[in-house]
There are 2 protein chains.
Amino acid sequence: MNIGDVATTSGLPAKTIRYYEEIGLVIPPRAANGYRAYRDRDAHMLRFIARARGLGFSIEDCRALLSLYEDSARASADVKRLARTHLAEIDAKIEELREMRSVLSHLVEACHGDARPDCPILDELAGSKNSPKRLISSAADQRN
Amino acid sequence: MNIGDVATTSGLPAKTIRYYEEIGLVIPPRAANGYRAYRDRDAHMLRFIARARGLGFSIEDCRALLSLYEDSARASADVKRLARTHLAEIDAKIEELREMRSVLSHLVEACHGDARPDCPILDELAGSKNSPKRLISSAADQRN
DNA sequence: GATGGGGCTTCCAGCGACCGGAAGGTCAAG
DNA sequence: CTTGACCTTCCGGTCGCTGGAAGCCCCATC
């Protein structure tokens, strides 16, 4: 299989697949003409990666998952731990976004949104004193 | 005010503030010794940006918001439109994460997580046939 | 046999939004 | 006069790709 074929079967762009080779994730042998010659196993791994990426796993997580997958003597606990850690990260991101969403939606509701210049959204961003209450935390907690 | 002062008052790292100058967001005048000499107005803008970033606005959004903020003849509708677009993006991200979360949490629950090698998480990622149902969509819909 | 078009190759550059570190200038206190 | 905290610039790296240029390769058609 050439790269175009595995791109089709995995749903990944060819560029991405080359990148995965570059970083040592899936390294196919080469045909005599220099083309990448993907074996079934390689195509399978690429589909595996595509699914893991679809669940938001990082490339390094994918590397770990792949090596667990290849290791028939693995412990499922190792996989589960990885997945749970990732789940916690997802939860943290959702929570962060929900907080943003909450503040922003209040601001959007408060803004009349017509041709006049006065705007509670800008007032809040500017930290105005006549804003009813401080909605946005100081940027000091922007850690990651 | 030197950069350290505005870093403190805005909560942004000095590195970030220099970066904002580099991309033309907030450009302070320079003192005779070459140090950046922030005026109150600059410090104010940096706090504004810090808050907007805290709400997840992109740098380009911040640039637009700043110019609206500086424009006393702006229409609040323009600000509201920007904010609503951003809100929709946040909603889309939340939804995407919630879908990931849903699939992943089912998998984590299904995995016994002990020393044995059999693992529904890996089975699902591999696209195994003995998985009860396909939980993960093909990577073809990984568009952005 | 030439030609054309698609696929493949490599390499280089850039995205967003910074962060880390090196090498060096400046300033106030002791 | 030295120390140490601050400031400066510049360069490289992060993550996960993506775009584009320049150049092979292969097959079909004329």
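**Group meeting: two protein chains and a DNA strand**

Helix 2 of chain B is the element that gives the most to the surface near DNA strand C, namely three residues. Before I go on, please note that this is a predicted model.

Staying with the DNA, which elements supply at least two residues each to that surface? From chain A they are helix 1 (3-10) and helix 2 (14-22), and from chain B helix 2 (14-22) and helix 4 (59-70). There are 17 residues around DNA strand C, and those that come nearest are A:Asn2, A:Gly4, A:Arg36, B:Asn33 and B:Ile59. Sorted by class, this surface has six nonpolar, six polar and five charged residues.

Next, the two chains. 60 residues of chain A are in contact with 60 residues of chain B. On the chain A side, two or more residues come from each of helix 3 (40-54), helix 4 (59-70), helix 5 (76-110) and helix 6 (120-126). Helix 5 of chain A has the largest share, 21 residues. The classes on this side of chain A are 33 nonpolar, 14 polar and 13 charged residues.

Last, one helix pair inside chain B. The axes of helix 1 (residues 3-10) and helix 3 (residues 40-54) of chain B come within 9 Å and cross at roughly 40°. The two helices are therefore oblique to each other. The crossing of helix 1 of chain B with helix 3 of chain B is right-handed. Helix 1 of chain B makes the contact through B:Val6, B:Thr9 and B:Ser10, and helix 3 of chain B through B:Asp42, B:Ala43, B:Leu46, B:Arg47 and B:Ala50. By class, that contact has four nonpolar, two polar and two charged residues.

Note on methods: Residues numbered from 1 in each chain as written. Chains lettered and ligands numbered in written order. Predicted model: local features only at pLDDT ≥ 70, side-chain atom pairs only at ≥ 80, totals over all residues. Contact = placed C-beta atoms within 7 Å. Helix = DSSP H or I, 4+ residues; strand = E, 2+ residues; numbered from the N terminus. Nonpolar A, V, L, I, M, F, W, Y, C, P; charged D, E, K, R; others polar. Axes fitted to C-alpha atoms, helices over the stretch in contact; angles between N-to-C directions. Parallel < 35°, antiparallel > 145°, perpendicular 65-115°, else oblique. Left-handed = near helix turned anticlockwise from the far one by under 90°. Near = placed C-beta within 6 Å.
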